Amino acid sequence: MDLISILFYGVPLFYLLYLIWKIIDRKRHQNCYILDYECHKSTDDRMLSTKFSGEIIRRNKHLGLNEYKFLLKAIVSSGIGEQTYAPQMVFDGREACPTFEDGILEMEEFFQDSIDKVLKRNKISPSEIDVLVVNISMLACMPSLAARIINYYKMREDIKVYNITGMGCSASLISINAIQSVFKNEKNKVALMVTSESLSPNWYIGNDRSMILANCLFRSGGCAILLTNKLSLKNKAMFKLKQLVRVHHGAKDESYESCVQREDSQGNIGFHLDKTLPKAATRALVDNLKQIAPLILPIRELLRYAIAIFMRKMNWGSSSKGGPKPMINFKTGVDHICLHTGGKAVIDGVGASLNLSEYDLEPARMTLHRFGNTSASSLWYVLGYMEAKKRLKKGDKVLMLSFGAGFKCNSCLWEVLRDLDNGNVWKDCIDNYPPNTLVNPFLEKFGWLHDEDPDTFNIPDDYVIP
């Protein structure tokens, strides 16, 4: 009878404990860790100086004085410095007639630099990669860019492959989300994420102001990131993914049309940035923060904000009318804000919306100044700046925010797993940042354009830019 009783009560109990252990073990293997990342830096002969930028603009025969003045104003206020990089075909003077091979070579140059470095530094063989996610928004080819990487590195036949296009500057976090989904269903995997943008086939040569802005902002760059859910590699990891939220406003016509690739009236393909873009970005940001705030902020801050909003509504119409609107303090649950370097206006706007200090915005501003807007990879240059400045300490929380065409706003929260102080892509210049001034010399060199008369303006073919 005792044996029967033990079996009757013991077996279900042990089975219950087994199920609990399985659930706990499964949760432990579902975590997403960043092992390492490597941002690409082109050679110095690919830097866009003020003088050479002026030469590129002069080569565009579709531009007149009014367009020159517009570009001068845009560049001066862009926050971009003189050490950003452009693709090789620009330096060859072929931006008006790029070849298909230009785009491929631009990507292969980045692939073979960043992927090689991140794999060798972590002593990981290409054959150990279980998942490959490549996001290059504006270059589609066959075989895909992901297939080219697999062929070059001779990766395994059973590798899971995702080749993502058209997602714009927010593609990095979309790729992270794809990897996270794989990790939730499969144990002991190593993933390689590759993010960049191909500028070679997308350099705009027309005179539409809404489309020529892209030439002022976008620059060459890219990043290769190693991720894993292996518990055996946990102690080597740099970051752990805590939360990820994606918002897509593609159903709203105004948001959808605010940022789109199209032809101008002369048939030149470019990237149209509409006047409604700031409004679309604000709406997407607000909706995203509404979702992620309850997941990452302490209850006390959520309660404080809810009470402040309630009190403001109760006092509506009284002497408090017109007072400052209550703002939620994200710094109560986040130590660092990693912003997409979409431009000076984007950084300023997000900073004002979240009530961030200049210290918080410094990594994004410096990245914009040094590397420009490198599309989906810009977040990793910003993260690299924080690391190079030794800001990232064990236990810190890093909030990433990115925007993209569609219109999308994606965010995620990372936990820093150990003190980080690698110089990475910033190691050769980090001591020079932040500089005394972010003012670029464009106005000094080309300010004379403001005094020119449109009716008599002419630049001689033999004019030498100072």
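Begin the tour by selecting Arg-370 and Phe-371: Arg-370 lies over the face of Phe-371, at 4.6 Å from the ring centre, where a charge counts as sitting over a ring if NZ of Lys or CZ of Arg is within 6 Å of the ring centre and within 35 degrees of the ring normal. Before going further, note that this is a predicted model, in which local features need pLDDT of at least 70 and side-chain atom pairs count only at pLDDT 80 or more, while totals for chains, interfaces and linings use all residues. Residues are numbered from 1 along each chain as its sequence is written, and side-chain values use heavy atoms, with hydrogens and water left out.

**The aromatic residues**

Phe-371 belongs to helix H13 (residues 358–371) and Tyr-381 to helix H14 (residues 378–388), 10 residues apart; helices (H or I, at least four residues) and strands (E, at least two) are DSSP runs, numbered from the N terminus. Both Phe-371 and Tyr-381 are buried, that is, under 20% relative accessible area, with exposed meaning over 50% and partly exposed lying in between (1.4 Å probe, protein chains only). Now extend the selection to Tyr-85, Tyr-385, Trp-426 and Tyr-433, which form one aromatic cluster with Phe-371 and Tyr-381. For another charge over a ring, select Arg-391 and Tyr-359, where the charged end of Arg-391 sits 3.7 Å from the centre of the Tyr-359 ring.

**The sheet**

Next, show the strands, nine of which form an open sheet of mixed pairing in the order S3-S2-S4-S5-S1-S6-S11-S10-S9; two strands pair if DSSP finds at least two bridges between them. S3 and strand S9 (336–339) stand at the edges with a single partner strand each, so one side of each is left without a neighbour in the sheet.

Select strand S2 (residues 131–136), whose six residues are all buried, with Val-131, Val-133 and Asn-135 on one side and Leu-132, Val-134 and Ile-136 on the other. S2 runs parallel to strand S3 (residues 160–164), joined by five bridges, and Val-134 stands opposite Asn-163 in S3. From S2 the chain crosses through helix H6 (residues 145–153) to S3 in a right-handed β-α-β crossover, a term that applies if, with the strands pointing away from the viewer, the path from the first strand over the helix to the second runs clockwise.

Move on to strand S4 (residues 190–196), which pairs with S2 in the parallel sense over six bridges, and find Thr-195, the bridge partner of Asn-135. Seven of the seven residues of S4 are buried, so this strand is largely enclosed by the rest of the structure. Seven bridges join S4 to strand S5 (residues 222–228), and these two run antiparallel, with Ala-191 opposite Leu-227 in S5.

Finish with strand S10 (residues 397–404) and strand S11 (residues 408–416), which run antiparallel and are joined by eight bridges; here Val-398 stands opposite Trp-414 in S11.

Methods:
Phe/Tyr/Trp six-rings, centres within 6.5 Å; stacked < 30°, edge-to-face > 60°.
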